[in-house]
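Me: Could you give me a close look at how the strands pair in this model, and then follow the chain outwards from there? I'd enjoy a connected account.

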Amino acid sequence: MMITSPLQLVLVLFLFAPCSAQAAQRQRLMATADNSDTAVFVTARGTRLWQGSKEYHICGANYWQAMNLGMATGESSDRARVHQDLSQLQAAGINTVRILASSEGSQLTADPPGRLHPVLMPQAGHYDESVLHGLDWFVAQLAKYNMTAVVSLGNYWTWSGGAAQMVSWATNTSIPYPAQWDPVKQKMAPGDYQSFLAYTNRFFDPNDMAYPVAQKIYRSHVAHIIGRVNGVTGRAYANEPTVLAWELMNEPQVSPYVGQWIAGTARLIRTLDPHHLVTPGAECKNGKQWFNVMHHAPDISLASCHFWAANWGLYNASDPTSASLLGAIGHMQRFMRDTVAWAHSLGLPVALLEYGLGRDAWGVGAGLKAYQPETKVTHRDAYFESVCRASRDSGYVGTAFWAYGGTAPRWIY
Ligand SMILES: *[C@@H]1O[C@H](CO)[C@@H](O)[C@H](O)[C@H]1NC(C)=O
Ligand SMILES: *[C@@H]1O[C@H](CO)[C@@H](O)[C@H](O)[C@H]1NC(C)=O
Ligand SMILES: *[C@@H]1O[C@H](CO)[C@@H](O)[C@H](O)[C@H]1NC(C)=O
């Protein structure tokens, strides 16, 4: 998701509801489970996922703070919280977390405000080893909770630096940030979205002067993570069955060269690592033609979609009526039916790797009420249930809600 409002930041911290339908199904699976399949790669056969002889349904949570919490020391480190969060998630039936294995930008500035910190890559091609080790440690914990991870290798949006930061490094120019919420000043910082898109899309454009350097930074990063030997498990990431899929980038946006970029990057990953599923990280909000552009490459083995009812103007968060909720559910169901048909016609399984909805804090004047755990979640619970049901009924391979903040004692970015 692109973080444009205070609500979205806080969704990160407090959103939580188990995928109860899938959790129940998993309970039934566990009753007859043997343990022999747990260290087996998740693979795609036809339009389904499998772990050994068992079908694998993603019952997922976004948990992008993983590598920062996993650090041994420092401002973002909190390993006790990771254990507590993963225990809670496991108890709720979650078997997959979607995490970031990238963040870029100066370690010294908070530009833009709210960017993930400490940063994995503070200068082009240079790593903060303590953050990398945080990733190693986190990934090593997942097996204890019988979980897999969808691992994102980049970001279109600037809350972790992302493609725009690489263009900035390549051109020595400043990023024209879009308007976004400043959590320090507690107000919107101005900006122009179209200028931001044009700037960031230079990342994909082989005719742009930024391209060779930006791509070198990105592709070296991909090779660095996939080829890395985990300092905790001693296993190369390429051989790590806990990794369910490599995701090229969180939410690449439409642009003339994005399809070509996805195909080339997926090829690179496939040559480095023949085992893992590869997914572009797309939202699928731009219709069938763009869905095909982002998923047609032969090295893409899992389709991904995101659905953001309120952000896309399909749910009015100020309207408490059930008609409002049912409207959003209708849009979501249609979206899932359409995207599953598009994915299956390309022969791909498809997962809904982001969706979310706010608390029952109606009206623009709701203020902090929208973020407080005491505020009810009647719309959200009903909506989440419907998403999980739609996933199962439509032939999706699973879902991951945005996002689990767990026992966050403070805000981390
Ligand atoms: C681990 O998870 C998989 C899929 O989520 C399940 O099939 C298996 O039974 C689980 N194993 C244990 C030991 O819980
Ligand atoms: C980058 O830009 C800054 C400010 O515009 C300038 O001071 C610096 O010399 C530039 N660096 C390079 C390598 O061009
Ligand atoms: C959203 O709902 C509120 C409360 O019913 C209403 O006042 C407002 O006009 C609605 N907004 C839109 C865009 O429909």
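Reply: Two strands are said to pair if DSSP finds at least two bridges between them. Helices (H or I, at least four residues) and strands (E, at least two) are DSSP runs, numbered from the N terminus. This is a predicted model, in which local features need pLDDT of at least 70 and side-chain atom pairs count only at pLDDT 80 or more, while totals for chains, interfaces and linings use all residues. Residues are numbered from 1 along each chain as its sequence is written, and chains are lettered from A and ligands numbered from 1 in the order in which they are written.

Let's begin with an open sheet of three strands, ordered E1-E2-E3 and antiparallel in its pairing. Strand E1 (42-45) and strand E3 (54-55) stand at its edges with a single partner strand each, so one side of each has no neighbour in the sheet. Strand E2 (residues 48-51) is joined to E3 by two bridges, again antiparallel. Within that pair, Gln51 sits opposite Lys54 of E3.

The pairing around strand E9 (residues 243-247) runs in the parallel sense. On one hand, strand E6 (residues 148-152) is joined to E9 by four bridges, and the two run parallel. Here Val150 stands opposite Ala245 of E9. On the other hand, E9 pairs with strand E10 (residues 277-279) through three bridges, also in the parallel sense. Ala245 turns up again in this pairing, opposite Leu277 of E10.

How much of E9 is covered? Five of its five residues are buried; a residue is buried if 20 or more other C-beta atoms, placed from the backbone, lie within 10 Å of its own, exposed if 12 or fewer, and partly exposed in between. By that count, 47% of the 413 residues of the protein are buried.

Ala149, together with Ile99, touches the most other members of the largest nonpolar core, which has 114 residues. Helix H11 (residues 322-345) is the biggest contributor to this core, giving nine residues. Such a core is a set of buried Ala, Val, Leu, Ile, Met, Phe, Trp, Tyr and Cys residues joined through C-beta atoms within 7 Å. Leaving aside residues up to four places away in sequence, the neighbours that Ala149 touches include Thr96, Val97, Ile99, Val139 and Leu142, as well as Thr242, Val243 and Leu244. Contact means that the C-beta atoms of two residues lie within 7 Å. Across the protein, 74% of the contacts with a separation of 6 or more join residues 24 or more positions apart.

In the loop between E9 and helix H9, Glu251 has a positive phi near 60 degrees, though it is not a glycine. Glu251 counts as buried because it has 22 C-beta neighbours inside 10 Å. Further along, Cys284 lies in the loop between E10 and helix H10 (288-295). Cys284 is another non-glycine residue with a positive phi, of about 70 degrees, and it is buried, with 24 other C-beta atoms within 10 Å.

Next, the helices. In helix H4 (residues 79-91), Val82, Asp85, Leu86 and Leu89 are buried. Viewed down the axis, the buried residues of H4 fall within an arc of 95 degrees, so they line one face of the helix. The arc is that of the directions from the helix axis to the C-beta atoms. Strand E4 (58-62), helix H3 (66-69) and helix H5 (129-142) are among the elements covering those buried residues. Ala80 and Ala91, on the other side of H4, are exposed.

Helix H12 can be read in a similar way. Its buried residues are His379, Arg380, Tyr383, Phe384, Val387, Cys388, Ala390 and Ser391. Around the axis they cover an arc of only 160 degrees, which puts them on the same side of H12.

Finally, two peptide bonds to check by eye. The bond from His117 to Pro118 is cis, with omega near -10 degrees; Pro118 belongs to the loop between strand E5 (96-100) and H5. The bond from Trp402 to Ala403 is also cis, with omega near -10 degrees, and Ala403 is found in the segment after strand E13 (398-401).
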